[in-house]
Amino acid sequence: RPQVITPEDILDYLTLLKGQPGNMINYNSLEAAASVNHNHGHLIPLDAILEYKDEEGIRETFDLLIDPDRLSDLKPSGPAFKIGSVTVRSVQLPEYDFPTVILEGPDPTQLAGLSGGFADYLIRHNVPHNVLFPNSEMVIVFVRTDDARKIIEDQLGLGITAFQHLGIYTV
């Protein structure tokens with residue numbers, strides 16, 4: 001199947017996270033760091049990333065582009081508004097030049113529908129993006145560059161098993 005995220009996929013991801021604190025799911029669209037053209041999502045146990053040790057037992061730390069515990073610290077880049085029970089806000093991530101939209105609400109079906117509609121817009125306009133699910137009531141969509149050189153530069157040195165060593169698994 002094509003590498004597109006649908007409202008049904010989003011609802012599945014939100015459902016997987018229900019009652020699973022300490023886990024996130026990240027989805028990579030086509031040209032947004034996915035190595036294979038398929039429904040490309042990763043389950044991310046946060047403690048595995050924050051307590052990662054390399055093969056030699058040396059502890060390493062990884063900064064999260066979006067830290068779910070510090071979302072309130074993000075600088076707004078526009079006004080927040082509500083659609084039904086879903087709050088939509090745009091933010092500027094530190095050291096990241098591209099738009100980021102946070103959708104948050106208690107109704108997973110409504111949240112999945114709105115998030116899926118936004119992702120569909122990006123897909124139809126060939127805009128690479130990632131979708132992060134920090135919990136079962138939040139969806140974060142951030143746009144990626146379509147500059148092939150920048151994508152390759154970002155992925156240099158990232159081995160094919162790096163995510164598995166970090167405890168990140170494809171869902």
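# Exercises: helix packing and strand pairing

The crossing of H1 and H3 is right-handed, meaning that the near helix is turned clockwise from the far one by less than a right angle, anticlockwise being left-handed. The model is predicted: local features need pLDDT of at least 70, side-chain atom pairs count only at pLDDT 80 or more, and totals for chains, interfaces and linings use all residues. Residues are numbered from 1 along each chain as its sequence is written, and side-chain values use heavy atoms, leaving out hydrogens and water.

**Exercise 1.** Describe how H1 packs on H3.

*Solution.* 
- Step 1: locate the helices. H1 covers residues 7-17 and H3 covers residues 108-124. Helices (H or I, at least four residues) and strands (E, at least two) are DSSP runs, numbered from the N terminus.
- Step 2: take the geometry. The angle is about 135° and the axes lie 8 Å apart. Axes are lines fitted to C-alpha atoms, for helices over the stretch in contact; angles run from 0 to 180 degrees between N-to-C directions.
- Step 3: classify. H1 is therefore oblique to H3. Under 35 degrees is roughly parallel, over 145 roughly antiparallel, 65 to 115 roughly perpendicular, and the rest oblique.
- Step 4: list the contact (heavy atoms within 4.5 Å). H1 supplies Pro7, Ile10, Leu11 and Leu14; H3 supplies Pro108, Thr109, Leu111, Ala112, Gly113, Ser115 and Gly116.
- Step 5: sort these residues. Seven are nonpolar, four polar and no charged. Ala, Val, Leu, Ile, Met, Phe, Trp, Tyr, Cys and Pro count as nonpolar, Asp, Glu, Lys and Arg as charged, and the others, Gly among them, as polar.

**Exercise 2.** Is Met24 buried or exposed?

*Solution.* 
- Step 1: locate Met24. Met24 sits in strand S1.
- Step 2: apply the cut-off. Met24 counts as buried because its relative accessibility is 3%.
- Step 3: look across the sequence. Met24 and Ile44 are 20 residues apart in sequence, yet 5.0 Å apart in space, C-alpha to C-alpha.

Conventions
Buried means under 20% relative accessible area, exposed over 50%, partly exposed in between (1.4 Å probe, protein chains only).
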